[in-house]
Amino acid sequence: MDVDKVLGQMTLEEKARLVNGATFFGMAEIERLGVARMQLLDGGTGMNFEQLFGDMADVGKLAVDSTNGMVGSTALTHVIEYYFEPEKLTQDEKELYEWIKERLEKNLNGADYAPGCFPPGILLGATWNPEVVLAVGEALGKEANLYGVHILLGTPNVNIHRDPLNGRLFEGYSEDPYLVAALAPELVKGVQKYGVAANVKHYAANNQETNRVGINEIISARALEEIYFPGFKACVQEGKVKTVMSAYNCINGVPCTESKWLLTEKLREEWGFDGVVLSDWGAVYHPAEALAAGNDLAMPGPLPWEPIAEAVRNGKLSDNELNLAVRRLLSLIDWVTENFRKLSLADKQREELKNCTDHAAYMAAAEGIVLAENEGILPFSVDEKVSVIGSGSVKLLECGTGSAGITTNRTSSLREGLNVVKDTDSDVRLCVCSLGGMEGNDRPNMHPDMEDIKLLYSCGAINLEKVPEIIREQLKDVVQNQDTKKPIVLVLNVCGPVDLSYLKRDVVKAVLVAFLPGMEGGRAIRDILVGKINPSGKLPITFPETYEDTPTYLNFPGDGYEVCYGEGIYVGYRYYDKKKVSPCYPFGHGLSYTTFVCSDMQNVQMAEDRITFAVEVENTGGKAGAEVIQIYAGDPYSTLHKPIKELVAFKKVFLQPGEKKQICFEVSTDKLKSYDADLKQWTLEEGYYDLFAATSSAEKDIFAKERIYVDVVSPYSYGLKSTVKTMYEREELKAAVKSLWDCKKWDWGIVESNYQYTPNKTIEEIMPVESEVQIKDDKFIQDFVLSVKKVKKM
């Protein structure tokens, strides 16, 4: 497509139509100019039939009482629910089913292909493996291509795990921005390999469902830069993502869809994004203002074109602002048209695609499931008799609901391959506790499902004295099982952290965190239980002892339509470290069926802009397995307040029994920088830094530590711009200032008085000199500057 030529031929009405959604999940088509309709759809866990069928009904003008393309009629709801079990439909519903099936199979070239259900972000984050995330991205891209989806929404969702009660926590990757930035771009690359435009969401800081439409979030500039932006920036710069979804919320009083600073200055001018910004569904509150800010496409449709045209005519929106958005949309359509090559689905290709996507889902689950505790009970022996109980004992929760909800008949069972018996005959109880997450609502508390708590109590696994009163009341009529000493293996099939503080650890002998593991989750869990797979997942989020321990306990979900991010940069382990609060399971934690020995850091070298070193890892156990070497950095003498340590590198290492590998790391000094809100810039301060090599963020899991000195000039270098407080409180610096004052015969009382009353004034500000020229030409002052620059930060 010649974008400039097409743009020049478009009428104002056509431009106004293009920047508005035409259907609930479709863009406008301009047939006379050859501008194709683009199909949008969620998402990051697979093809969302609710959205697809609703949009089919909308485009086909089928009278199903749908609410703008989403499920609104009972008939359409049932068709989606029982699409793979049509015998359960009424006759009228079967007619709708046949109508949809015919169109779906036409889109699939006549093939019968059920979509996959892939693990969400939280489990991908737990893999700590970019290659696995890439494979899932490729599987999603292939299936989106197959179903005729041009823009796959939420690929990925990089919103930070700020609070464990967030209803959509499971969609995001981690509480740590570095881990998010290292993994999420791989999903983008995988999706876009097949000509499908990926979409990173929700930009920015969309960290709760309560009052999500319009809530005003008060967030410091430093927290935005250091915690909430890095995942988006990485998807733009590393992943080359084609689309970004703007969020419902306001940041510091400005709606994200209307923030020129967010959408233009930060995203495009600073990070270099050249794609399309499309809104979350219903997030454009003022269409002209959103376009002017840099929001190119307002969704969902159908939306009227007339208000945009009128805004151009009356000067509220300039021709240039509208043309910029249209040009970006045309460029995206051109890219999709050039790169989207519809996959063939003959019998052989269909089977190959199914095997490929099954494998990607399986590997993600197998590498992401975390063995959190194990008192030697796992793996099960071949003849171990197991009873399977709990809310997930019959069917796992494989995905969440809402945008991430998947309808499919592709699934797996954790029972197959286990020696499953009745509870009275078993050696061990396998308790599968399920707890779902959902779009639109946050969790009310951090407890497991009440029915699972009752079941665990009946099996003797709950310490009644530690249970909150509200739960204790509901347990008073529960009858305890006669055999309350039988060991339990607990599988947490959950959307996020749950409170385990009242479990009896003499009964619960192992805990497996499976999150929402996708269609192959059952098989992966079973293979881990029997030892076919050695668990290698690591938690991407801290599991606190109780919700009261969390950094956001007093700041979530806010008061009405305002929430203060009062924890600042202290999200997740950054907070627990700083406050010396011991969690249930630390960030980065995960056990194995084998053992590893890791060496001290070797060959540590400091170059101009990077630090290089190596670590040796040896598998000293009897099973093949993987360890994740995590590198953290800390700045013990920082001018700005900082966390004790922050993740700056990691590598997942697979080793055979007895195998040893040297793992080389290169850490850019950019990873040591912090954002100074007063200076409005990222800064690297000279001074000592600590490097920690560990297998989790917990102090006990740090196996090596090195201190290095970074010799640079920074805004905090000792000199005339240093504060009186800084110079006065360190003896050698105070002596240098005193020497200067003595040489110049200035009154030392000036320094004493400023230290007492205005300690944050700079040395330059309190010197009794008349001009900058006088400072530059004064030998004593320049000697002072040279002398204090040589003093090392500590």
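**Close-up views of a predicted model**

**Overview. Fold content and overall dimensions of the chain.** The chain has 25 helices and 24 strands, where helices (H or I, at least four residues) and strands (E, at least two) are DSSP runs numbered from the N terminus. The radius of gyration, taken over C-alpha atoms, is 29 Å, close to the 28 Å that the globule rule gives for 794 residues, so the chain is as compact as a globular protein of that length; the rule is 2.2 Å times the number of residues to the power 0.38. Along the principal axes, the C-alpha atoms fill a box of roughly 100 × 75 × 50 Å. This is a predicted model, in which local features need pLDDT of at least 70 and side-chain atom pairs count only at pLDDT 80 or more, while totals for chains, interfaces and linings use all residues. Residues are numbered from 1 along each chain as its sequence is written, and side-chain values use heavy atoms, with hydrogens and water left out.

View 1. About 970 Å³ of space lies in the largest pocket, a pocket being an open set of points on a 1 Å grid over the protein atoms alone, with protein on both sides within 12 Å along at least five of seven lines. Grid points are joined across faces, edges and corners, and a volume is the space filled by probe spheres set on the points. The pocket is lined by 33 residues, of which Y178, A181, P230, D670 and K671 are the closest to its centre; lining residues have an atom within 4 Å of a point. Helix α8 gives the most to this lining, with seven residues. By class, the lining of the largest pocket has 16 nonpolar, three polar and 14 charged residues, where Ala, Val, Leu, Ile, Met, Phe, Trp, Tyr, Cys and Pro count as nonpolar, Asp, Glu, Lys and Arg as charged, and the others, Gly among them, as polar.

**View 2. The crossing of α8 and α10.** The axes of helix α8 (residues 177-192) and helix α10 (residues 230-237) come within 8 Å and cross at roughly 35°; axes are lines fitted to C-alpha atoms, for helices over the stretch in contact, and angles run from 0 to 180 degrees between N-to-C directions. P177, V180, A181, A184, P185 and V188 in α8 meet P230, G231, A234 and C235 in α10, with contact meaning heavy atoms within 4.5 Å. The residues of this contact divide into nine nonpolar, one polar and no charged.

View 3. Six cavities of 30 Å³ or more are found in a search of the whole structure, a cavity being a set of points where a 1.4 Å probe fits but cannot get out. The largest cavity has a volume of about 130 Å³, and of the 18 residues that line it, G44, T45, G154, N157 and E171 are the closest to its centre. The second largest cavity, with a volume of about 90 Å³, is lined by 13 residues, of which R162, P164, E175, I541 and Y576 lie nearest its centre.

View 4. Most residues other than glycine have a negative phi, and most peptide bonds are trans. The peptide bond from Y203 to A204 is cis, with omega near 5°, and A204 is found in the loop between β3 (197-203) and β4 (216-218). The bond from F556 to P557 is cis, with omega near 0°. K580, in the loop between α19 (573-579) and β15 (596-598), has a positive phi, near 55°.
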